[in-house]
Amino acid sequence: MGTVRAQLQLRQLFLWTDSAVVTKPEIIVTNAHEKLGQDGTVKDETTETLLRTLLDALATKIRVTDLAATAA
């Protein structure tokens, strides 16, 4: 649960600095040692789906930011 608390602190910092961040979906991977391989591969299907959803949200945020920058 230490990483959960750290993420909350980072969220407060990013809000204070008005940083553009992906806030959803929030992902908490419990028992990561069972779900992630030593080489970083994801062994758990649910975790992989959550990570893909997060990365899709990041890609969408990048596209929206790029569109806003070109429109300005």
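A residue counts as partly exposed when its relative accessible area falls between the buried limit, under 20%, and the exposed limit, over 50%. Arg11, at 31%, is therefore partly exposed. The legends below describe close-up views of a predicted model.

**View 1**
Helix 1 covers residues 2–16. The helix has 15 residues. From its first C-alpha to its last it reaches 22 Å, close to the 21 Å expected at 1.5 Å a residue. Just after helix 1 comes Asp18, with a positive phi of about 55°.

**View 1. A nonpolar patch on the surface.**
Three residues make up this patch: Leu10, Leu13 and Phe14. Together they have about 250 Å² of accessible area. Leu10 sits in helix 1. Its relative accessible area is 42%, so Leu10 is partly exposed.

**View 2. The salt bridge between Glu26 and Arg11.**
A search of the whole structure finds two salt bridges. One of them pairs Glu26 with Arg11. The closest N and O atoms of this pair are 2.8 Å apart. Arg11 belongs to helix 1, while Glu26 lies in the loop between helix 1 and helix 2 (32–35). The pair therefore ties together parts that are 15 residues apart in sequence. How accessible are the two partners? Glu26 is exposed, at 57% relative accessibility. Arg11 is partly exposed, at 31%. Side chains of opposite charge can pair when their charged atoms come close.

**View 3. The salt bridge between Arg52 and Glu48.**
Here Arg52 forms a salt bridge with Glu48. The closest N and O atoms are 2.8 Å apart. An α-helix has 3.6 residues a turn, so residues three or four places apart point the same way. Arg52 is exposed, with a relative accessible area of 52%. Glu48 is partly exposed, at 30%.

Thr47 lies in helix 3. Is Thr47 buried or exposed? Its relative accessibility is 6%, so Thr47 counts as buried. The side chain of Thr47 makes a polar contact with the side chain of Asp44, at 2.7 Å. Which residues does Thr47 touch, leaving aside those up to four places away in sequence? They are Val29, Lys35 and Val42.

Asp66 is found in helix 3. Asp66 is partly exposed, with a relative accessible area of 46%. Its C-alpha atom is separated from that of Gln9 by 28 Å. Along the chain, Asp66 and Gln9 are 57 residues apart. Thr65 also lies in helix 3. With a relative accessible area of 44%, Thr65 is partly exposed. Thr65 and Arg5 are 60 residues apart in sequence. In space, C-alpha to C-alpha, Thr65 and Arg5 are 28 Å apart.

Technical notes. Residues numbered from 1 in each chain as written. Predicted model: local features only at pLDDT ≥ 70, side-chain atom pairs only at ≥ 80, totals over all residues. Heavy atoms only, no water. Patch = residues over 30% accessible without salt bridge, like charges linked within 9 Å, V, L, I, M, F, W, Y side chains within 5 Å. Areas by Shrake-Rupley, 256 points an atom, 1.4 Å probe, with all protein chains shown as cover. Salt bridge = Lys/Arg side-chain N within 4 Å of Asp/Glu carboxyl O. Helix = DSSP H or I, 4+ residues; strand = E, 2+ residues; numbered from the N terminus. Buried < 20%, exposed > 50% of the residue type's maximum accessible area, 1.4 Å probe, protein only. Polar contact = N/O pair within 3.5 Å; in protein donor to acceptor, adjacent residues only side chain to side chain. Contact = heavy atoms within 4.5 Å. Expected span 1.5 Å × (residues − 1).
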